[in-house]
Amino acid sequence: SIYEMFGNECCLSTGEVIKVIGFKINKLIATICENNEVSRFSAKVELPLNFPGLYKVVADKTPYVSIEEITRKVSIGPTRFGHPCFYSPEDIKLANFTIKHGEQITFTSVEEVNGTMAVNCVTVRNNQTHSFTLPLSQEGEFYECEDDQIYTLKEIAEWKIPKCRNRIVKLFNTLHMWDSSNPLPENFDGCLILMPVYEVQAVMKFRKDIVHILSDLDVEVKDITDYYDISSFLQPLSLEDVFERTSMEFPMVAEIMEGPSESQNPYNLLSTGKEIIIYKKYQAARVLASEIRSDSPRRHFLIPMSYKGKFKRRPRELPTAYDLEIARSEKEQLHVVATKAFASPHKEFFSVSVGDQFLVQQCQTSEILYEGRKKLVDVLACEKILSDTYKKVLLPMYMEGRFVEVIHDKKQYHLSEICKEFCLPFNVKVSVRDLSIEEDVLAAVPGLQFEEEITDPYLLISSATNPVESWEIPVYRLNMVVHLLSKDVQGVVPPVTKTTVEEISEEQYYMVRRYENQTLHPPPRPPKKPT
């Protein structure tokens, strides 16, 4: 058989030995869904995995009949995507623990326990986490729990479509303007049934790349796994696989079997066939920053602490008195000017006019008369700046005005100084670009908002043939496959690390913020008007 895939002709000769290394969803066939069924008026449309948008997964109503079936059909892995949740409509009695009916069970990993394959699980009860194992032989009815997270189509394809099942998803956010090339109807915000189309990933004896074979290719094969020395094949590894290795195994030399796409590849270093040295793995700090602009789309960046440029402060826009309270600090007095008027319904509070300037003091409570009754409400004590004096005033926390910060600080700051001295979010612009970067993308942006400091897994790499500088590459945002070479590089010291500002897409930005904040409680909502 001869077939062409991605522009490359590949010949599968009779007698050719192929090692299948995985199955991967190549694309998705989508139909519009109404009441969990295919709409009578819906045509099938083909969606690539990079189709823009964010989606919520609809829980599958069909139960699984055993833990073994779940492990066979559902992706369970070490990353944050690979922790599916189920519940049983019946109590499950274990040796020293009873799982109550309807209780959420999170599956974290599969391993052998005392000679029996089992799933490591956790459940949370009364704010306490309980860990236990369930053997694969455990039978019963297990239903998917509702999932409140949001995903890209690529994430759903990799982690959230069980084998031999379709998946219903609900569009959460389109992220892009609709145009005529979009296969979905304009203003569509409903549900889709996704049917996966698979490809087989394989390696061949005399090729160093990964072969992609569509699952509908008409070719007859025979399983010879038990009669063949499969160690003679290359072992492809994703960046996640490399990161799972122990620290003692680094540094290592690898050859790239599949390089990242051109949009992901800032260096020719990462092209297929190139050899690289992977020195170490670690968690590195980044500042998540977004372009300040009123229209969309905004650009988003991950800035390393090694960035050598300098920043000047830019004023923040603060929509409510509640935001003023959040923005104030002990380090300096917050000075703002009102850009929207506010007429107070109570004589105890100050009515704001456009152009009024205030120094923000502190949060306190104040008594007001409301419908003949006295009530305590949260207020912000401020000083209104007059021509030659100050007037003490109270602004209700529920006040919806609009304020702009007045900046008196003309100092230039390094990134590390801002993170140390100020609370994020924080508005800046580049005043001195980083001269060590050939093209500093931040210097061309008129204003940036530093949103939060995050940590992310990275690998430190360099070229194996010309290691003059090293780079940090993100483990979860770079699609790359390598195989390890048996070359001794123990004791090799990495060259100087090149500073790289990573520009990320809208989807990646949303994912970074989602997972960085998943363990945090949301901030309290602003107080409402007294009722």
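Biologist: How much space lies in the second largest pocket?
Modeller: About 910 Å³. A pocket here is an open set of points on a 1 Å grid over the protein atoms alone, where a 1.4 Å probe fits, with protein on both sides within 12 Å along at least five of seven lines. The volume is the space filled by probe spheres set on the points, which are joined across faces, edges and corners. Note that this is a predicted model: local features need pLDDT of at least 70, side-chain atom pairs need 80 or more, and totals for chains, interfaces and linings use all residues. Residues are numbered from 1 along each chain as its sequence is written, and side-chain values use heavy atoms, without hydrogens and water.

Biologist: Which residues lie nearest the centre of that pocket?
Modeller: Arg-316, Glu-317, Leu-318, Ala-327 and Pro-425. The lining has 38 residues, each with an atom within 4 Å of a point.

Biologist: What classes are in the lining?
Modeller: There are 16 nonpolar, eight polar and 14 charged residues. Asp, Glu, Lys and Arg count as charged; Ala, Val, Leu, Ile, Met, Phe, Trp, Tyr, Cys and Pro as nonpolar; the others, Gly among them, as polar.

Biologist: Why does the pocket lie between domains 3 and 4?
Modeller: Because domain 3 (235-314 + 407-526) and domain 4 (319-405) both give residues to its lining. The bounds come from an automatic or database domain assignment.

Biologist: New topic. How do β25 and β26 run?
Modeller: Antiparallel, with twelve bridges joining β25 (residues 357-370) to β26 (residues 373-385). Strands are DSSP runs of E, at least two residues, and helices are runs of H or I, at least four, numbered from the N terminus. Two strands pair if DSSP finds at least two bridges between them.

Biologist: What is the bridge partner of Cys-363 in β26?
Modeller: Leu-380.

Biologist: And what do β25 and β26 form?
Modeller: A hairpin with two residues between them. In the turn, Glu-371 has a positive phi of about 50 degrees.

Biologist: What joins β26 to β27?
Modeller: A hairpin, through four residues. Seven bridges link β26 to β27 (residues 390-396), and the two run antiparallel. Lys-384 stands opposite Lys-391 in β27.
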